[in-house]
Structures are given as C-alpha cells and as structure tokens.
Amino acid sequence: MSARAAAASQSLWRSAVVRAVFLTNLAGFVSFSATLGALPLRAAQLGHPEAVVGTVTGVMLAVTVATQLVAGALMRRWSVRTLLVAGAVLLGAPSPAYLLVDDLGSWYVLSAVRGVGFALLTVVGAVAIPRAAPRERQGEAIGIYGLSAAIPNMVVVSATTALTLDGRFPVVAWFAAAPLLALVVRGLPRDRVGAEPGRRDGRGALGPTVRRLLLPTATLFLVTMCGGGLVTVLPLQRPDGPVAAVALLVYGATGALARWRVGHLTDRRGHRVVTPVLLVLGTAGLAAVALGLRDADVGGTASLVVGAGLFGVAFGALQSVTLDVSLARVPDAHAPTASSVWNAAFDGGTAAGAALLGFLAGAAVGGPAAVGAGALGLGVLAVVSVMSRDRTTARATFVSAP
C-alpha cells in the first residue's frame, strides 16, 4: 500500500493535531452552549423584560463577529497554539463572574470579553483540523470539527437550560469555565495558518474570494438565525415541565449526528442536491415547531419535539456543508478568510436569531409566528438554492498541510 493510500485509509483521530484542536474546541463550545439558552432565561428570572433578554447573547456574538472578521490577520501573525490558548482563557475565565452581578450592563461586558475568546477558538479551529487531513477527506475532517460543537449543542444546551429552570444557575456559570482546561492540552500546532501578510491568490485580491462565499454564507446565516431563535424562544414559551429541555435535546442530538456524518456523504457525492434538500427539511421542521407552540396538548408537544428533531438535522448538516463549500471555493492562502466569513455568518446569525426572534416572540407576534417566520425564510432560500447556478463542488484549490 502506498503512503498516500495509507494516509487516506487511516483514521483522522490518530492525528495528534486533530485530537488536540478537537479537545480545545470542545471545551470552548461547552462554555458557549452552557450560556446560550441559560443566560437569557436567567436574565428573565432576575426580572429583566423578555423582549430584551436575548440581547445578552446578541452582545457576545456581535463582539464575536467583529473579532472573527480580523481573525484572519491574527492567524498570519500568531501561531495556532497561541490563539487557541488565548481564546480559551478569554472565554472561560469571565464565566463565573455572572454570579457576582445581575444588571444587564455588567453582563454585556462579561459577554463581550467572552465573545473575543469564542471568536479565536472558532476561526482557528475551523481551519486547523481540515489542514491536518488529506485533501480528499476535507468533508470528514470538517465533520470532526463540527462534532466539537455538536456534542455540547446536543447535551449542554438542554442540560443547562434545565438546571437554570430548576434554580441552579450557579452550576451553569462555573461549568462555563470549562475552556480553562484547554491550558493542559498538548499537541496544539505551533505554526501559523495562511499566507504571509500581503500575499494574494492568482486573481490578485480578496474580492473574488468573498464573492465565491456569498451563497454558502447567506445559507449559514439564515439557518443559524433560526437556530439561535429556537433555543431562545422555546424555554420562554414553555417554561413549565420538561418539554423545552426534551425538544432541545432532540434538536441537539439530530444536529450532532448530521453535522458529523454529512461530510462522508459530500466527500463522495458533492453538494449539488444536498443543500436544497436540507433547507426543505429545515422548513418542515420549523413549521412543525410553530404548530406545536400553538397547541399545549399531547399532539402539540409531539409536533414540537419532532419538528425540533427535523430542524436539527438541517441545522447540523448545513453547518458542515457550508464550511466545506467555503473552503473548497478559495485558494489555500485565503482559507483564514473563508473561516472568518463562515464563523462570522454562524455567530452573526445566532445573535440575530436570539435577539430578533426573541423580540418577536416576547413582545410582537408571539412564539408560533416568530418560528413560522423562520420557516418561511428557509423555504424561500431553498427555492433560491435550487435556481442558483452557483453549485461549485470542486476542491481543487484547498491544499491541506503535509
């Protein structure tokens, strides 16, 4: 067997870089997921209006997006290890301080600091793991990166929401300090990612690169906006009983599995049909959730849980698919740019969903209509995706590290 064939058949988990970056990002996403649903809920418990509690998440992710947009330059200056360790400290260290203050202004400051750390972890991790994999296994490698986010999304969001509903927010705040454990992880690469400052691809500028990313970026933004709205709206609309926690658990479980495994499919079949199908599935899932929120009986509960599961499949799979497409469409020199844009869309969408759909549910049209608006948006995007001619699936320009 040739060396290339051996590398192609070897488990990616045997790579020390893959394991180290995975563990570091896993700790970061544990912290992010712990506060995603719990912070707005805790703010409401403290007496803040439901119409504004989603802004706690919004502020964190606004800072995250702003940092992600400059992270490409940081990746050319500092090593992967330096940026990941800095991100872990900035994300984890402020988390217990939520217990010391209860005004939104102070929470905004803490969330802003955490947002910088979260940005560093996400942008660097999204590039570092694919770089450690063979070119023909990029979808699989991206699935591994996605798993570091999907596992916490599956377990931690629902668990910390349940803990907060049960009056145990202090446990959540300390649990969100998990990224500090990344300080003991060994094997993080000490090299830098991307081109040297000033280096450009063969087309001479970033403009063409950004244009290639428009459709996957728009897709990711809208999908994550719906996801951010879902995890904010559900606990507020169903605060009594286990329904919200169960629905979020199902949503996280289906999303984790889909985000991890969809890369095996796209490595072999490409992305041409997968994206529209997933958008249709997400539309159906959100429509079922909206119907479930209108009816509190057994049938409504079943519709809500099933809908959350269907949307979870689309939500998880489309994250991996859009990152895979984004990296495939740019030269290696612009991989940091693709990662920055993808992560900015992810977190910008999540922030917009938490704030906008949370506002619509709490102060304007109500929960069912807010979730229904998200379903309508996904349906429109599904039509656009089918009609678009921008279906590049080649992976000719992304070159993994040796």
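Phe169 counts as buried because its relative accessibility is 4%; buried means under 20% relative accessible area, exposed over 50%, and partly exposed in between, with a 1.4 Å probe and protein chains only. This is a predicted model, in which local features need pLDDT of at least 70 and side-chain atom pairs count only at pLDDT 80 or more, while totals for chains, interfaces and linings use all residues. Residues are numbered from 1 along each chain as its sequence is written, and side-chain values use heavy atoms, with hydrogens and water left out.

**Aromatic pairs**

The structure holds 10 aromatic pairs. Rings of Phe, Tyr and Trp (its six-membered ring) pair if their centres lie within 6.5 Å; planes under 30 degrees apart count as stacked, over 60 as edge-to-face and the rest as tilted. The rings of Trp107 and Phe169 have planes at 20 degrees, so this pair is stacked. Trp107 sits in helix α7 and Phe169 in helix α9, 62 residues apart, and the pair links distant parts of the chain. Helices are DSSP runs of H or I with at least four residues, and are numbered from the N terminus. Trp107 is buried, at 1% relative accessible area.

Phe311 and Phe315 form a tilted pair. They are 4 residues apart in helix α14, so about one helical turn separates them. Phe311 is buried at 0% relative accessible area, and Phe315 is buried at 7%.

| Pair | Centre to centre | Angle of planes | Class |
|---|---|---|---|
| Trp107 and Phe169 | 6.1 Å | 20 degrees | stacked |
| Phe311 and Phe315 | 5.8 Å | 35 degrees | tilted |

Ring pairs also link Phe29, Phe32, Phe118 and Tyr145 into a cluster.

**Helix α2 against helix α7**

Helix α2 (residues 16-36) packs on helix α7 (residues 104-131) at about 145 degrees, with the axes 10 Å apart. Axes are lines fitted to C-alpha atoms over the stretch in contact, and angles run from 0 to 180 degrees between N-to-C directions. From α2, the contact includes Phe29 and Phe32; from α7, it includes Phe118 and Ile129. Contact means heavy atoms within 4.5 Å. The residues of this contact divide into 10 nonpolar, 7 polar and 1 charged. Ala, Val, Leu, Ile, Met, Phe, Trp, Tyr, Cys and Pro count as nonpolar, Asp, Glu, Lys and Arg as charged, and the others, Gly among them, as polar.

**Cores**

A nonpolar core is a set of buried Ala, Val, Leu, Ile, Met, Phe, Trp, Tyr and Cys residues joined through side-chain atoms within 4.5 Å. The largest has 85 residues, and Ile129, Tyr251, Phe311 and Leu378 touch the most other members. Helix α14 (residues 298-328) gives the largest share, 12 residues. Leaving aside residues up to four places away in sequence, Tyr251 touches Asn153, Gly227, Leu230, Val231, Ala308, Phe311, Gly312 and Phe315.

**Around helix α3**

In helix α3 (residues 38-45), Ala38, Leu39, Pro40, Leu41 and Ala43 are buried. Their cover includes α2, α5 (55-77), α7 and α9 (169-175). Just after α3, Gly47 takes a positive phi of about 105 degrees.

**Two single sites**

Ala97 lies in the loop between α6 (80-92) and α7. Its relative accessibility is 21%, so Ala97 counts as partly exposed. Glu140 is in helix α8. Glu140 counts as buried because its relative accessibility is 16%. Not counting residues up to four places away in sequence, Glu140 touches Leu12, Gly263, His264 and Asp267.

How values were computed: Helix = DSSP H or I, 4+ residues; strand = E, 2+ residues; numbered from the N terminus.
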